[in-house]
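Biologist: I am new to this kind of structure. Please take me through how to read it, one feature at a time.

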Amino acid sequence: MKRKFSLFLCALMLFASIFGILSQAAMYDENKVNSPYAAVYNAEKGIFLFEKNADIRISASNCAKIMTAILALEHYQNLDTVITVPLASIQGLEGATILGLLSGEKVTVRDLIYTMLVGNCNDSASVLACDMEKTNALFALKMNEKAAEIGLKDTFFKNSTGLGAKDSYTTVKDCLLLASYALGINGFSDIVNTAKYTVYETNKHGNKTVYTKNYFLSKQTFADYYWQDASGFSATYTDEEGYGLISTYTAYSMTYICMCTGAHKSDTGKILAYNDVKNLLRWASTEYTTLKVLDSSKIFDEVPVRLSKERNYV
């Protein structure tokens, strides 16, 4: 007696890797991107949709705090754990953006992570590093171990902030892979989408509020950059490297992560990275769609089998 076995299972296995495959349209003209280093990454499919000098080494300051946050969120089981600030952890940060922590100040892990990612506070990052691994140098070893675990190919950290470390480096592609990993950590997305955060009175200070350095998220500083469709992520600036920006955009259940860095301001004073990121994310979400290549509820086809003892059709 003939038995019919649906090719559904076979087809499902065959097409699993391409079900919902991205349909590609015209490539984005990299000459329209002012930032010298840029890329767009699709998190669900794990592919880069656009690259411009994305494998060229850039400063690790572009993603050092993201890595520090990853390690902190994976290390501390309770974000309300109180840390006493050691003097060594807040030294050597003159001229950098800081929260203004003082030796002996008692502050929670939550406050440190939020002020590090929202306000870009370097002393918060350093205190976390020294609490987890005693010194920034030892913490950097953990950062590099984690980078290898995640699969970053060309990244080397020297400290928790990325500042003052001339021989530390990363690439735009590695930064986006790191960002994609971070999004998978519970609570991370909430932190990087916070527009302002208040550290309430401690034993050394009264209330302190920090505001996001990512102008996509708030009208507080520069309303012209505000973009309600953007999500997160990170904004950096140094005199030497210019502005760096990482942001995400979700459309049709697809998450697109974009990074642009290395540009300064236009002749009219506009930060070029914001326009670059917005244009690339809009392009990616519009030009790349999903195609359904198989309906799992239907039989695909049947093929006769001659030598099987149990079935003559598959």
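Biologist: What should I know before reading any value?

Modeller: This is a predicted model, in which local features need pLDDT of at least 70 and side-chain atom pairs count only at pLDDT 80 or more, while totals for chains, interfaces and linings use all residues. Residues are numbered from 1 along each chain as its sequence is written, and side-chain values use heavy atoms, with hydrogens and water left out.

Biologist: How many helices and strands does the protein chain have?

Modeller: Helices (H or I, at least four residues) and strands (E, at least two) are DSSP runs, numbered from the N terminus. The protein chain has 8 helices and 11 strands.

Biologist: What share of the residues counts as buried?

Modeller: Buried means under 20% relative accessible area, exposed over 50%, and partly exposed in between, with a 1.4 Å probe and protein chains only. Of the 314 residues of the protein chain, 48% are buried. Accessible areas come from the Shrake-Rupley method with a 1.4 Å probe, and for residues only the protein chains shown count as cover. The protein chain exposes about 16100 Å², with 49% of that supplied by carbon and sulfur atoms.

Biologist: What do the contacts say about sequence distance?

Modeller: A contact means heavy atoms within 4.5 Å. Among contacts between residues at least 6 apart in sequence, 63% join residues at least 24 apart.

Biologist: What comes after α3?

Modeller: Asn-120 follows α3 and sits in the loop between α3 and α4. The phi of Asn-120 is near 60 degrees, a positive value in a residue other than glycine. Asn-120 is buried, at 17% relative accessible area.

Biologist: Where is Lys-134, and is this residue buried or exposed?

Modeller: Lys-134 lies in the loop between α4 and α5. Its phi is positive too, near 75 degrees, again in a residue other than glycine. Lys-134 is exposed, with a relative accessibility of 67%.

Biologist: How many salt bridges are there?

Modeller: A salt bridge is a side-chain nitrogen of Lys or Arg within 4 Å of a carboxyl oxygen of Asp or Glu. The count here is 10 salt bridges. One of them joins Lys-173 and Glu-51, at 3.7 Å from N to O. This pair links distant parts of the chain, 122 residues apart, with Lys-173 in helix α6 (residues 172-183) and Glu-51 in strand β3 (residues 47-52). Glu-51 is partly exposed, at 34% relative accessible area. Glu-51, Asp-55 and Lys-173 are linked in a network of salt bridges.

Biologist: How does a salt bridge within a helix look?

Modeller: An α-helix has 3.6 residues a turn, so residues three or four places apart point the same way. Glu-149 and Lys-146 are 3 residues apart in helix α5 (residues 136-150), about one helical turn. Their side chains meet in a salt bridge at 3.0 Å, N to O. Glu-149 is exposed at 57%, whereas Lys-146 is buried at 8%.

Biologist: How many disulfides are counted?

Modeller: A disulfide is a pair of cysteine sulfur atoms within 2.5 Å. The count is 0 disulfides. Cys-258 is in no disulfide, as the nearest cysteine sulfur, that of Cys-260, is 4.0 Å away. Cys-258 is buried, at 0% relative accessibility.

Biologist: Which residues are closest to the centre of the largest pocket?

Modeller: On a 1 Å grid over the protein atoms alone, a pocket is an open set of points where a 1.4 Å probe fits, with protein on both sides within 12 Å along at least five of seven lines; lining residues have an atom within 4 Å of a point. Grid points are joined across faces, edges and corners, and a volume is the space filled by probe spheres set on the points. The largest pocket holds about 610 Å³ of space. Of its 32 lining residues, Lys-65, Thr-97, Asn-122, Leu-163 and Tyr-237 are the closest to its centre. Strand β8 gives the largest share of the lining, 4 residues.

Biologist: Which peptide bond is cis?

Modeller: The bond between Gly-232 and Phe-233 is cis, with omega about 20 degrees. Phe-233 is in strand β8.
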